[in-house]
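Please examine the fold as a whole before turning to single residues. The account below moves from the chain to its cores, then to one helix and to a few loop positions.

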Amino acid sequence: MNNNQQVVILPEGYTRTQKRDAQRENITAAKIVAETVRTTLGPKGMDKMLVDSSGNIIITNDGVTILRTMEIEHPAAKMMVEIAKTQEEEVGDGTTTAVVIAGALLKKAEELLDQEVHPTVITKGYLLAQEKAQEILKNISIKVDKENLPKLVKTCIGTKIADSKKLIDILVEAVDIITQDNKLNTNDIKLIKKVGGGIEDSELVKGVVIDKSISNNIDKIEGAKIALISQAIEMEKTETEAKISISSPEQLQSFLEQEEMMIKKMADKIISSGANVLICQKSVDDTAQHFLTKAGILILSSISSLDMDKISKATGAKVIKKLEDLSSNDLGSAKLVEEDKGAVYIRDCLNPKSVSVVIRGGTEHIVDEVERSLTDAVGVLKAGIEDGLMVAGGGSPEMELAKELGKYSETLQGREQLAVKVFAEALESIPRTLAENSGIDPIDMIAGLKSEHEKGNKWFGVDVSGKPTCMLTQGIIEPTKVKRQAIQSASEVAVMILRIDDVIAAGKLKE
């Protein structure tokens with residue numbers, strides 16, 4: 001037998017990378033993704049300009065937006081993008097933090113791999129460290145009260161757009177209106193973008209704003225009584241094909257009169273309910289519009305089911321499926337319904353369970369970035385209100401975790417303690433990055449922070465002044481849930497990447 005005979009297992013076009021080469025390649029790809037967003041972290045973080053193949057431009061420092069927009073192909077790099085997506089979906093903020101920590105964990109793991117520490121030992125140590133970190137976070141957290149909500153928003157949007165007291169006040173008031181039993185449904189805050197004016201011209205509408213024009217020529221109703229109808233206000237079409245045979249002008253006239261009477265009956269039903277605003281999910285017949293306009297009823301038609309639901313929550317109106325069921329008890333109310341620059345505003349509802357925030361800015365790019373910032377801030381408020389726990393920001397919880405995990409590593413036996421120790425060092429990447437992005441010497445800052453935390457000053461973090469400062473007294477706070485999720489996601493993806501020792505990839509399909 002010929003022992004040198006080549007055995008081909010994979011078909012042509014496949015590539016295979018094994019063991020240390022596979023680990024090194026995956027770690028490098030993940031580190032590159034982390035480096036891409038690292039410079040965006042913190043209040044002094046820089047923005048990225050993303051230009052797609054069509055020439056569309058996005059200017060942002062929102063981690064998940066950057067990673068979603070980039071056309072990433074490497075499978076390990078895609079796993080880093082998944083961290084950001086999970087973080088965004090779960091808590092709304094901390095996407096860059098999660099990716100930076102994951103990159104630092106893999107960088108530290110690479111150092112251990114070079115020292116011949118087995119990946120299984122590293123992953124075991126990382127999981128132990130992650131569990132301990134969650135326990136420490138819970139112990140150091142403090143309770144969120146109502147006074148902290150503006151500070152949570154300020155910390156969140158301060159890293160993305162210029163600090164705006166107007167936006168903070170708007171968002172806190174909006175959340176206060178719709179929060180029920182410490183539960184916040186983020187879908188009940190509708191963000192509407194309008195280019196024109198400045199950020200300070202943004203406003204809270206205690207009701208709903210709909211990007212539609214009014215269907216008839218009544219453009220304003222005060223003391224609105226609103227009917228919400230989901231069926232079309234027109235003659236119903238037959239389900240099966242039907243023919244009507246008309247042989248004389250008199251028959252045609254009779255048919256048209258009959259049709260008009262039926263539509264008038266539908267209009268009369270709306271008029272008799274006492275409604276002066278009709279909002280219809282489907283279309284409204286021209287003849288029906290004529291009768292309703294004559295009665296002084298404002299008409300808004302072809303509205304999405306999502307907006308119908310928001311209007312119902314805001315005004316208290318019931319969505320009626322069959323017109324014959326409509327009564328005065330089903331109507332909602334608002335002080336004013338009006339059209340302004342191509343949008344309909346339903347304002348000053350009595351007890352709204354849904355509100356709208358109109359975002360204004362000088363350019364489309366500014367308005368888009370403000371929207372991303374406010375979306376994150378709503379997620380932060382939801383996490384703070386529902387979880388009820390918070391920590392200071394500025395890298396202070398990461399420094400405290402690093403200190404406590406360092407102590408914890410000394411209690412372990414075997415090589416796992418090395419992994420726990422480097423996990424602690426990886427968490428220092430957050431205050432280090434904040435310092436670098438603020439133009440501060442990171443070595444001096446980390447040394448100063450370590451000294452303060454050893455003295456028991458657990459809330460000391462990176463201040464843009466260049467000195468370690470108590471972040472709690474500065475009002476820089478974040479929900480604990482954001483940190484918990486970031487550390488959990490980062491450690492899980494790092495463990496998953498480290499456990500891969502063989503990459504088998506198919507070649508690209510030819511066009």
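The model is a predicted one. On that basis, the chain has 17 helices and 19 strands.

Of the 511 residues of the chain, 50% count as buried. The accessible surface comes to about 25,800 Å², and carbon and sulfur atoms account for 49% of that area. Among the contacts in the chain with a separation of 6 or more, 76% are made by residues 24 or more positions apart.

In soluble globular proteins, nonpolar side chains tend to be buried together. In this model the largest nonpolar core has 74 residues, and M80, I122, Y126 and L405 are those with the most contacts inside it. Helix 4 gives the most to this core, contributing 11 residues. A second, separate core has 31 residues, including L167, A174, I189 and V367. Beyond its neighbours within four places in sequence, M80 is in contact with A30, V33, A34, L67, V99, A102, G103 and V493.

Helix 13 may be considered next. It spans residues 416-427, 12 residues in total, and reaches 17 Å from its first C-alpha to its last, close to the 16 Å expected at 1.5 Å a residue. Its buried residues are E416, A419, V420, V422, F423, A424, A426 and L427. An α-helix has 3.6 residues a turn, so residues three or four places apart point the same way. The buried residues of helix 13 pack against helix 4 (95-114), helix 5 (119-140), helix 12 (396-409), helix 14 (429-437) and helix 17 (480-498).

A pair of aromatic rings is described by the distance of the centres and the angle of the planes. The structure holds 1 aromatic pair. Y126 and F423 form it, edge-to-face, at 5.5 Å centre to centre and with 75° between the planes. The pair links distant parts of the chain, with Y126 in helix 5 and F423 in helix 13, 297 residues apart. Both Y126 and F423 are buried. Another ring, that of F291, has K264 lying over its face, at 5.8 Å from the ring centre.

G94 is found in the loop between helix 3 (75-91) and helix 4. Is G94 buried or exposed? G94 counts as buried because its relative accessibility is 9%, below the 20% cut-off. Apart from its neighbours within four places in sequence, G94 is in contact with Q87, V482 and A486. The C-alpha atoms of G94 and V64, 30 residues apart along the chain, are separated by 9.3 Å.

With a relative accessible area of 64%, E116 is exposed.

Technical notes
Residues are numbered from 1 along each chain as its sequence is written. This is a predicted model: local features need pLDDT of at least 70, side-chain atom pairs count only at pLDDT 80 or more; totals for chains, interfaces and linings use all residues. Side-chain values use heavy atoms; hydrogens and water are left out. Helices (H or I, at least four residues) and strands (E, at least two) are DSSP runs, numbered from the N terminus. The expected span of a helix is 1.5 Å times one less than its number of residues. Buried means under 20% relative accessible area, exposed over 50%, partly exposed in between (1.4 Å probe, protein chains only). Contact means heavy atoms within 4.5 Å. Rings of Phe, Tyr and Trp (its six-membered ring) pair if their centres lie within 6.5 Å; planes under 30 degrees apart count as stacked, over 60 as edge-to-face and the rest as tilted. A charge sits over a ring if NZ of Lys or CZ of Arg is within 6 Å of the ring centre and within 35 degrees of the ring normal. Accessible areas come from the Shrake-Rupley method with a 1.4 Å probe; for residues, only the protein chains shown count as cover. A nonpolar core is a set of buried Ala, Val, Leu, Ile, Met, Phe, Trp, Tyr and Cys residues joined through side-chain atoms within 4.5 Å.
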